[in-house]
Amino acid sequence: MSEPKKWVKEDPNNRFLFWPTEIMKKKAWVSDESIYKEAEKNPIAFWGKKAKEGLEWFKAWTETYQWDPPYYKWFLNGKINASYNALDRHVKTWRKNKAAIIWEPEPPDEPTRVLTYNDLYREVNKLANVLKSLGVQKGDRIGIYLPMIPEVQIAMLACARIGAIHSVVFSAFSGESLKSRMKDAEAKILVTADGYYRRGKIVDLKANADLGVADTDIKHVIVVKRAGNPIRMTKGRDVWWDQLMAKAPLYCEPEPMDSEDMLFILYTSGTTGKPKGIIHDTGGYLTVALWTAKWDFDLHDDDIFWCTADIGWITGHTYACYGPLLNGATILVYEGALNFPQVDRWWEIVEKFGVTIFYTAPTAIRMLLRWGEEWPEKHNLRSLRLLGTVGEPINQDAWMWYFNHIGGGRCPVIDTWWQTETGATLINALPGIGPFIPTVAGRSFPGTIHDILDETGQPVKIGEGGYLVQKSPFSPGMLRGVYKDPERYAAQYWNTYGDKIYYTSDGAIWWDELGNIRLTGRVDDVMKVAGHRLSTAEVENALTQNSSVAECAVVAAPHEVKGEVPIAFVVLKQGINPSTELESELIQQVIRAIGPTAKPAKIVMTDALPKTRSGKIMRRILKALVKGETVGDTTTLMNPETVEDLKQKVG
Ligand code: WTA
C-alpha cells in the first residue's frame, strides 16, 4: 500500500498543516470541499435530507424547523424510535450477525463478550418488557448507574424502545451525586450493578447506589451481577437483572415517539453548585449523532470504533452508543483503567481486536506520552486509520505525539469540539477534507453556523479571539432545555447576546479564512479535570458542608496532564486549627459529595480570602495566583495583605 511518507506541509507562517492521504480521500464518505457551501446555502434543507436519508421514520414530519427564541424544534410531528433505528433496521439485513459490541473486561484473564446486532436486539427487547412489567410508561425517567459493560447500552436502548427517558449517572460519581440527580429527574427505577473492576480492585457500586436511592421516588433497583461482590439486596425493591430477563418475552413493539419527545436527560455541571439536566430530543439528536459519527470518523462497515469515554458523559452517549449503532457499526467497549495491568493495556486491545478508529481525550494522550513511546511500540497498531480527540483543548506536543506514535503518521487526528448541550460534535475537520492542524479543531460541521464575537457582540477578525456562539438554524442535535428549569436555560445560554444567539461559554479564535477555529477553553467557572466537566461551585458546596469550614473558594489551576485541577482556598472557623488530618478530611468530603474526579489537588488553608470592599471574593486574584500570573491591582481590595500571604502558601 502506498502511503505518502511525508504528508506534513508547513504553511507560510511555519505552522503545521496536514492534509488527507489519497487512501483516506478515496475511502472517505465526504472528500469534496463543496459540501460546506452546499449545506450553507440551505441548512434546514440539508438536515431535512440527512434525517430522511439516514433514519427510518414511522411517520414523516410536517415541518422541518421551527424557531421561537430561545426554543427551536426540528422535524415536527415526525414519529420515530431510537432503538428501532439502532437495532431493528440492522437485524433485517446482513448485519444481523455482525458484532455490535465487543466488550473487553478489565481482568485480562476474563473472556471477551461479543454481542451481535441480533443479540443486542434480543436483550434490549427483553429489558424493555421487563421495564414495562415493572410499571414503566412512556415519559417516565429511569436512572442508569452502570460501569462500562454492555448492559449499559442495553439499558439505554430499552428505555428508548418504550419511550422512557434515561438519565445515566457516571459510575464514579458518589451516592450523593446520584441522589441529587435522581431526585431532580424524579426517576422511578434505577439500573445498576453489584460492582465493577478498576485497576484490579472491585468497586462496590451497589453500596453507592443504595445511598443514592434512599429518600427518592425510586421503586425498583435492577441489579446486574458483574463482579460477584457481596451486596445488600433490599426486599421488595431490589431485583436481579438476570432473574427478570430469564422470564421476559423476546419482542417488544417499539413506541412511536414524537421527534421532539425527550430521549434522555444528562446532568452536567454549570456555574452553580447544582448540576443541570440537559434535555435531548429524539429525531434531531439521532440525526446528528448518526451523521457526525459517520462523517467525522469516516465510519464504515468494516471498522471497529473505540470511543474510550465513559457512558456517563455525553461523549459516551453519542459515540459509544447511539452514533455508531445507528450506523450499524461495531463498537469496542472496555471496562477498566488504561493502565491495568500495565500502561500498554489500550494498545494491547487495539492490536487484539484490530481497532480502526480510536477516539479519546487529550488528558489521556498526555498521560500516555509521559509513559513513553516504548509502550505503544510493543504493539502492532497498523489497524488504526483514524484518531480523534475531545473534551478540552489539545496542546501541540500531545497532538504530534498522538499523530506520530499512535497513528504512525498515517492517521488524521480529528479534534472535535462540542458540549453536553450540543449533543454531538460541531467543530472539527472532516477526515477526507482536512486540513488537520494541531491545536485547531477545524470548521463548523456542514449545516451549522458558528461565529466568534467580542464583548459587545461584534464579530472578531481572523487571528483575533472572542466568544464562540452558534446561530440559527441551530443544529438539530442541540439541547431542548434544562429539565424543570426554563429560567436557567434562558439565563445560561440565551442571555449574553440575546435570545437568538446560543452562547457556548468557550473562548475561540478564528484561525484562517477557511473558517477554521481554535478553541481556547471555558470562560466561566466550569473546569475540565482530566476531561471531566465539573464546576468550582460544586466543589465549594461540598467543602462548606464540613463544620470546620467558614468559607472557601475553588479555582482551576493548569495541570500538565489533567489539563486543569481544582485548588481549594479554605478559611476555617474560629478556634479550628489547620492540620493534615483536616486536609484529608476535606478531601474525603469532596469525594463523598461528588466523586474522586473532583478531588482538590491542593487545599490552601488561610485566615482570609481576598475580597472587594463590598465583600465579594476576588476569584480573579486567586486564579492569577494558581496560574503563577501577576496579580495586578489590589488597591481596591478590602484586605490586600492576604494576597502576599496566599502567594507564599500557593508557592
Ligand atoms: C471543552 C464534552 C477544546 C469546551 C464533549 C466545552 C473542548 C466543554 C473540546 C464541554 C475540544 C470539548 N477543544 N475544548 N476539542 N471539546 N471542549 O459538556 O470547553 O463534557 O465547552 O462535553 O469541553 O464539555 P462536556
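**Notebook: a look through the predicted model**

I began at Val549, which counts as buried at 3% relative accessibility. Buried means under 20% relative accessible area, exposed means over 50%, and partly exposed is in between, with a 1.4 Å probe and protein chains only. Val549 sits in strand β30, residues 549-559. Helices (H or I, at least four residues) and strands (E, at least two) are DSSP runs, numbered from the N terminus. I then looked up Gly354, which is 195 residues from Val549 along the chain. The C-alpha atoms of Val549 and Gly354 are separated by 52 Å.

The model is predicted: local features need pLDDT of at least 70, side-chain atom pairs count only at pLDDT 80 or more, and totals for chains, interfaces and linings use all residues. Residues are numbered from 1 along each chain as its sequence is written, and side-chain values use heavy atoms, with hydrogens and water left out.

**Entry: the ligand**

Which residues come nearest to the ligand? I found Asp415, Thr420, Asp506, Lys528 and Arg533, out of 17 residues around the ligand. A residue is near a molecule or strand if one of its heavy atoms lies within 4 Å of it. By class, I noted six nonpolar, five polar and six charged residues in the shell. Here Ala, Val, Leu, Ile, Met, Phe, Trp, Tyr, Cys and Pro count as nonpolar, Asp, Glu, Lys and Arg as charged, and the others, Gly among them, as polar.

Next I checked individual atoms. Asp415 has a polar side-chain atom 2.7 Å from a nitrogen atom of the ligand. For Gln419, a polar side-chain atom lies 3.0 Å from an oxygen atom of the ligand. In Arg533, a side-chain N or O atom is 2.7 Å from an oxygen atom of the ligand. On its own the ligand has 520 Å² of accessible area, and the protein covers 98% of that. Accessible areas come from the Shrake-Rupley method with a 1.4 Å probe; for residues, only the protein chains shown count as cover. The elements that give two or more residues to the shell are α11 (314-326), β22 (413-416) and β27 (517-522).

**Entry: cysteines**

How many disulfides are there? I counted zero. A disulfide is a pair of cysteine sulfur atoms within 2.5 Å. In general, a disulfide is a covalent bond between the sulfur atoms of two cysteines. Cys321 is in no disulfide either. Cys159 is buried, with a relative accessible area of 1%. Cys321 is buried too, at 0%.

I checked the length of α10, residues 283-296. At 1.5 Å a residue, its 14 residues should span 20 Å, and its end C-alpha atoms are 20 Å apart, so the two values agree. The expected span is 1.5 Å times one less than the number of residues.

Helix α17, residues 536-544, is mostly covered. Seven of its nine residues are buried. Among them I listed Thr536, Glu538, Glu540 and Leu543.

**Entry: loops**

I looked for cis peptide bonds. One joins Pro69 and Pro70, with omega about 0°. Pro70 is in the loop between β3 (63-68) and β4 (71-76). Another joins Gly434 and Pro435, with omega about -10°. Pro435 lies in the loop between β22 and β23 (449-453).

Then I looked at positive phi values. Asp215 is not a glycine, yet its phi is about 60°. Asp215 has its place in the loop between α8 (205-213) and β13. Asp215 is exposed, at 62% relative accessible area. Ala530 also has a positive phi, near 50°. Ala530 is in the loop between β28 (526-529) and β29 (532-535). At 24% relative accessibility, Ala530 counts as partly exposed.

My last stop was Arg226, in the loop between β13 (220-224) and β14 (238-240). Arg226 counts as buried at 14% relative accessibility. What joins the side chains of Arg226 and Glu110? I found a polar contact of 3.1 Å. A polar contact is a pair of N or O atoms within 3.5 Å; within protein, one must be able to donate a hydrogen and the other to accept it, and residues adjacent in sequence count only if both atoms are side-chain atoms.
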